[in-house]
There are 2 protein chains.
Amino acid sequence: MQASRVYSFPVMADWSKRLAGIKGLVLDISGVLYDSGGEGGGVPIPGSIEAVKKIKSSGLKLRFCTNETQATRDKFVEKLQRLGFDIVVDEVTAPAPAACRILKERNLRPHLLVHDDVIPEFADINKADPNCVVIGDAADNFSYKNLNDAFQVLIGLENPVLLSLGKGRYYKETDGLKLDVGVYMKALEYACDIQAEVVGKPAKMFFQSALTEMDIEPHQAL
Amino acid sequence: MQASRVYSFPVMADWSKRLAGIKGLVLDISGVLYDSGGEGGGVPIPGSIEAVKKIKSSGLKLRFCTNETQATRDKFVEKLQRLGFDIVVDEVTAPAPAACRILKERNLRPHLLVHDDVIPEFADINKADPNCVVIGDAADNFSYKNLNDAFQVLIGLENPVLLSLGKGRYYKETDGLKLDVGVYMKALEYACDIQAEVVGKPAKMFFQSALTEMDIEPHQAL
């Protein structure tokens, strides 16, 4: 049995001290604003729709930072809007677009092991004769065959490069806990005796790009 | 491209020194006696059928030690006999029977994530209300769903116990390299933040049981 979380609220004086100089907020989405899974694609966590509204009306800058890689940003934001959230695509920092920037910068041609629904994010990336592997939260696409295919690409490279869209262990869906991309990242790391490069939380660079997009400094963010 | 292996043979005097006091031999099977995969289940490595014959006629004790967990020992030995090897079931030390001994000793009831063909080895093991997970080289049974099911059993236990039938990274089949059980062991270790117990090579206890079965001491074995 899991103990329920108990939050203690500091008095108002403490809050105003902590908020002094704060210009923007970075918010997680899955598990914070909503729990994914089920028929409608998930359910909002009570109070979160109102919280987003309040933050926006307060004048603070707001950026949503997610490791969600089971859908394109467009589809993901559509779902959140349908659930009632005040959110647009340009407010979301996600691993797939960040990975595309890296692939282009370093002339990397990926073999993709990702969710079908996120493949469109890589539409304008050259994937012929792959010289790296990109894995995301592929869920049911994490078959033995698909993992073995990714492994064979990596083990055949002189300098195997593995980009992992996040390194989470598991996440909660409405019907229970599900294995996340980090588990399969570790699997390929062990198979090839290599270290993956993580694109997404908790990589510093990923948070930094969210701040850059808000045009604020780290000390001005919460 | 892989470099071909070059063996240098010491002169006879060296060999007789090294063999002084040696009473028994432990031989690997997959990748040493034969390469698995393909239509007939594999092909003998040139010279290996004759080598087994010579060792047996020399009067040395012989034990085959394998991490093969894609079949019961019976089926595995049948295949090796069909390929031409002089081998019987009682000469083979394999992880599944070793795991069964551990399960019984410690009153563990396993959730199995193994190859269909090795399930009969666990026929007389109580598997109701599992309090541990046993993984073997499950190959295509390593689906996302099956790995997630094993994960959910482990994460729900107060003291998660994971027995892994080997810890290999990959092995060679006639049609290429295949991911081995160790890769999925690492995946579950990371998911649950635990350490697996390895049953099979290279665990010392596993080799020890092969020697016990030959009734010889470690310094008498090669």
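User: Let's start with one proline. Where does B:P202 lie?

Analyst: Happy to begin there. In this predicted model, B:P202 lies in the loop between β11 (197-198) and α7 (204-214) of chain B.

User: What kind of peptide bond joins B:K201 and B:P202?

Analyst: The bond between B:K201 and B:P202 is cis, with omega about 0°. In chain A, the peptide bond from A:K201 to A:P202 is cis too, with omega near 0°. A:P202 lies in the loop between β11 (197-199) and α7 (204-214) of chain A.

User: And how do I read phi? What is its value for A:A139?

Analyst: As a rule, most residues other than glycine have a negative phi. A:A139 has a positive phi, near 50°. You will find A:A139 in the loop between β7 (132-135) and α5 of chain A.

User: Now the two chains. Which rotation superposes chain A on chain B?

Analyst: Two copies of a chain are related by a rotation about an axis and a shift along it. For chain A and chain B the rotation is 180° and the shift along the axis is 0.1 Å, with an RMSD of 0.1 Å. This is the relation of a two-fold axis. The same surface serves both copies, as 100% of the contact residues of chain A recur in chain B.

User: How many residues does each chain bring to the contact, and what area is buried between them?

Analyst: The size of an interface is often given as the accessible area lost when the parts come together. Here about 2,600 Å² is buried between chain A and chain B, and carbon and sulfur atoms give 64% of this area. Chain A brings 27 residues and chain B brings 27 residues. On the side of chain A, the residues that lose the most area to chain B are A:Y144, A:L179 and A:Y190, together 34% of what that side buries.

User: Which elements of chain A give two or more residues to that side?

Analyst: They are α5 (144-155), β9 (170-173), β10 (176-179) and α6 (181-192) of chain A. Helix α6(A) gives the most, with seven residues. Sorted by type, the residues on this side of chain A are 15 nonpolar, six polar and six charged.

User: How many salt bridges and polar contacts are there between chain A and chain B?

Analyst: The count of salt bridges between chain A and chain B is zero. For polar contacts, the rule finds 14 residue pairs across the interface. Over all chains, the structure holds 24 salt bridges.

User: Could you show me a salt bridge within chain A? What does A:E91 pair with?

Analyst: A:E91 forms a salt bridge with A:K56, and their closest N and O atoms are 2.8 Å apart. A:E91 sits in the loop between α3 (73-82) and β5 (92-93) of chain A, while A:K56 belongs to helix α2 (residues 48-57), so the pair ties together parts that are 35 residues apart in sequence.

Notes. Residues numbered from 1 in each chain as written. Chains lettered and ligands numbered in written order. Predicted model: local features only at pLDDT ≥ 70, side-chain atom pairs only at ≥ 80, totals over all residues. Heavy atoms only, no water. Least-squares fit on C-alpha atoms with pLDDT ≥ 70 in both. Contact = heavy atoms within 4.5 Å. Buried area = accessible area lost by both parts, 1.4 Å probe. Salt bridge = Lys/Arg side-chain N within 4 Å of Asp/Glu carboxyl O. Polar contact = N/O pair within 3.5 Å; in protein donor to acceptor, adjacent residues only side chain to side chain. Helix = DSSP H or I, 4+ residues; strand = E, 2+ residues; numbered from the N terminus. Nonpolar A, V, L, I, M, F, W, Y, C, P; charged D, E, K, R; others polar.
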